Amino acid sequence: METDRDQEVSVVTVNAEGKPVNCSNLEMELYKLEWRWWWEQPETGDANYVSQSYDRLVKRERFSTVNGKATVKLRVNYPEWGRFYLKITNKSNGNSAGGYVYLDWPYDSGKSQANRPGGANVLAIAANKSACNVGEKFKLTIPGAENSRALISIENGSKVIKAYWVDASQATNIVDIEATEEMAPNAYLHVTLVQPHKDKANDLPMRLYGITKMEVNNPETILQPEIVMADELKSEKPVEITVKEKNGKKMSFTLAMVDEGLLDINRFKTPNPHSEFYTREAIGVKTWDLYNDVIGAYGGKMERLISVGGDDNLKPNDGDQAQRFKPVVRFFGPYILEKGDRKKINFNMTNYIGSVRIMVVAANEGAYGWAEKACPVRNDLMVMATLPRVLGPQESIKLPVNVFTMSPDMKKVKVKVKTTSNLKIQGDNEQTLSFSKPGDKIIFFDFKVENQIGPAKVEVVAEGNGIKSTQTIDIMVRNPISEVTRSIDTLVPANGKLSIDFNTFGVSGTNEAVLEASVMPPLNLKKRLDELIRYPHGCVEQTTSGAFPQIYLGQLVELTSEQQQNTNYFISEAIKKLSRFQNNDGSFRYWPSYMYGDDWSTSYVGHFLVEAQDKGYDIPQGMISSWVSYQSKAARSYTHQSSGYYNNELMQAYRLYTLALAKKQEIGAMNKLKEQQLGLVAKMRLAAAYALIGQTETAEAIVENVPLTINYYRELSYTYGSSNRDKGIVLETMLLLKQDSKAYPIAIELSKSLSSNSWMSTQETAVSLMALSRMSIGKGKSDNLKLKYNLNGNSKSISSEKPVARDQMAIADGKNAVEFNNSAKNPIYASIVLKGIPEQGEEKTFENNINMTVNYIASNGSTLNPANLKKGTDFTCEVTITNPGVRGELKEMALTQIFPSGWEIQNARFEESADQSKMNFDYQDIRDDRVITYFSLRPNTSKKFTLKLTATYAGKYYMPGPYCEAMYDNTIAAAQKGGWVVVE
């Protein structure tokens, strides 16, 4: 802002909710900040800072706000100038706000600039324009003094472009400077004014300096692509787009055509490469001299002021609401245009109605440009049908079909609907509409979902006056009830037979059975791996647990090429996902939204990454190296505590184990921990670390005479431990030390747990599978693994040289009979793993160690029954979870709410009014038909979770009841029975 002018300052007063309020006792204060080396930002804040002795009060004024607003005039008169602090205080309650302002003399203030007060070393230089083109000249005004010279240094982000001396003996010196290519996109003009040391005519220092910036545009670096095409496109019709450069310059370009609704989702802006490659550069030249050390040369030091600006790409851009249909995404190029040339691009528009944006990005030898054009796509006859995001078996729905006509000749339109076999039309699949004038009408088709899951398709065809319009909707029929897995485990005697009868239990089409056979204690691989993969919660621990055992799968069982490809894909995707959990310091956080690392998960993820890399999977080196750096620092800074942070000794032992596995062992930290009194599992992890680095005797001494007794327990957080998880760690250490006699009894116990139908957490499942897998793999080939079986009269045999043989069984829905025939000299463990989705309505209502209540609230605040709603009804679902305190503080809780297909979830995170600070959960996962909320709950407290919903599609739908559980202990859970709901 300039001096000698009234400047207006807008003031707004609001309450804690951000609503305007009147304040009658406000005070404005303006402080002058002197140029001094002791400038700093104290911890006590700006308001306290301005009260220090080196700041001078310039103005104080009282005023009031009306309707929460006021305008205060601010004026600083010549010759004052410099940096000021503006502070507004509510004298009634002491609240204050403030900010820094800079006031300077106008450019035309003339030779008096030479004598302006303030910073002793500051030289006030000025250019007559802020920007110019290459080849243009601009004027630089330099205050001077008798017998003075000025060194002009033109600098950019990396070097000094040009430096030369000029005479500065006049009070005001004007220098003409020509902008060159090297000065683009911007240059800094650094002027050092030097006066004679002796016989100065003023009291200024012998050396003064100043700096100013000049934006320099180079027209040769700018390309101007042009898009020539029709202003309106037709769906399923040819499209011709011509691209040229406005001035006939040579250029390379790519072209994209994208649905504008899709672009509006993330406010996508067409890239402007010129603004990116020629963005403003910070000065990259450091300048220093010894003038301040010359005796008698008065001077001072000036702190650099940095201006922080915004980013136009982050500015919200209100776009139209995107309609739910397949978007257009097409890319063409790259193409090369020679001078004066043009390129025609021809293609057929897809079956699409809406608006597309055509975008061109061009480049050529340091020159860049872009162009865009929005273009509507419409026909004389258009049809648009909408369905929910998903459907469920046995649900009924009304399909709304909107028909648009743009021509007065369109009098009758015939609409026909076709569906796949899992959707059945109720009534006529064809209707006729009459139009007296252009417009739109809506009709409905009723259909019911068959008792089959999988992809479905609805095709709508409208025909009239020789014009045809179609729309195809792909939709998934999913069962909202979770899939259930059960296993039947048995031992087929040597040289013997065994018969088993079993029944399937799932909805038709969902039943599946897999036979697993092994000579070792069974792993129940199929059931437990499926549970890990299907587990709906995606925290860092569960993501790692789902992928970790699969790195051994190819060594355990024969995999087809497709199975191996799927396994590799799953592991690779898990690695990518885990990279998004990593913090800058190398640690890993439990949820993506967390700002801090989780110690156990950090070791667990690193353990997986190291072993996956050893198996040949590609791990980003930066991901590993930063993890090693964090682990090493944490290991060295560890302090043993007999009480305090739960299980911290085990976390340190696991940390040291993973470092040893990565061949980055911390011997000092290992020796230090060895001297402490450690628990069983910590001893096992530490002994394993010593074994990995070749110090077997030390490892054996740590575990010598240690009783391998593990009492039952479950841990809700911290290390996510359990007795089974600890048995897996102990088994792994015993195998590493080759103490098979101690390992085998533990392996039998783990095998029984895995083979049972009892619930297991992701942590204990993964660790148990890995430990038993290592044991099975370590036994080498199994030449005598051969088993014959007869299923419902059809004979088949399986064999494998690997520890586990697996076969997909051709079961029938309902009753099945199987007979096993083992001709080997040793017994064979056989497991039949059955999968299926139960019928809807079989859920049970229960509460174990937590309480749950559910209410549905209308927009007017009254309670409503969700069983029957009008289409378009907005309402709120409230779930209250109460911890009665029986199990202490509850950690890592998950509330799963699956909603009917005909209801839409309103995602509050997309609303500008959403207050993130009021959200009382740790993380929330919002999907098409469900919301999963993660939280913790202290004893004898409650938390209420609210979701806004809309009854959107008419029909009859099934809604499963909400389910809340502790992710690492299924004895803490509550559920409510589901039921059918209707939207009219």
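How close do the axes of helix 8 and helix 10 come, and at what angle do they cross? I opened the predicted model with that in mind.

**Entry 1: helix 8 and helix 10.** I looked up the axes and found that they come within 9 Å and cross at roughly 20°, with helix 10 covering residues 648–661. Angles under 35 degrees count as roughly parallel, so I put helix 8 down as roughly parallel to helix 10. I also checked the hand: helix 8 passes helix 10 in a left-handed crossing.

Next I listed who touches whom. Helix 8 brings Asp 599, Trp 600, Ser 603, Tyr 604, His 607, Val 610 and Glu 611. From helix 10 I have Leu 650, Met 651, Tyr 654, Arg 655, Tyr 657, Thr 658 and Leu 661. Sorting the residues of this contact by class gave me eight nonpolar, three polar and three charged.

**Entry 2: helix 5 and helix 8.** I then turned to helix 5 (residues 540–547) against helix 8 (residues 599–614). Their axes come within 10 Å and cross at roughly 25°, which means helix 5 is roughly parallel to helix 8. The crossing of helix 5 past helix 8 is left-handed.

For the contact, I noted Val 540, Glu 541, Thr 544, Ser 545 and Ala 547 on helix 5. They meet Ser 601, Tyr 604, Val 605 and Phe 608 on helix 8. My class tally for helix 5 with helix 8 is five nonpolar, three polar and one charged.

**Entry 3: a cross-check.** I went back over both lists for Tyr 604. This helix 8 residue is in the contact with helix 5, and Tyr 604 is also in the contact with helix 10.

Methods
Residues are numbered from 1 along each chain as its sequence is written. This is a predicted model: local features need pLDDT of at least 70, side-chain atom pairs count only at pLDDT 80 or more; totals for chains, interfaces and linings use all residues. Side-chain values use heavy atoms; hydrogens and water are left out. Axes are lines fitted to C-alpha atoms, for helices over the stretch in contact, and angles run from 0 to 180 degrees between N-to-C directions. Helices (H or I, at least four residues) and strands (E, at least two) are DSSP runs, numbered from the N terminus. Angles under 35 degrees count as roughly parallel, over 145 as roughly antiparallel, 65 to 115 as roughly perpendicular and the rest as oblique. A crossing is left-handed if the near helix is turned anticlockwise from the far one by less than a right angle, and right-handed if clockwise. Contact means heavy atoms within 4.5 Å. Ala, Val, Leu, Ile, Met, Phe, Trp, Tyr, Cys and Pro count as nonpolar, Asp, Glu, Lys and Arg as charged, and the others, Gly among them, as polar.
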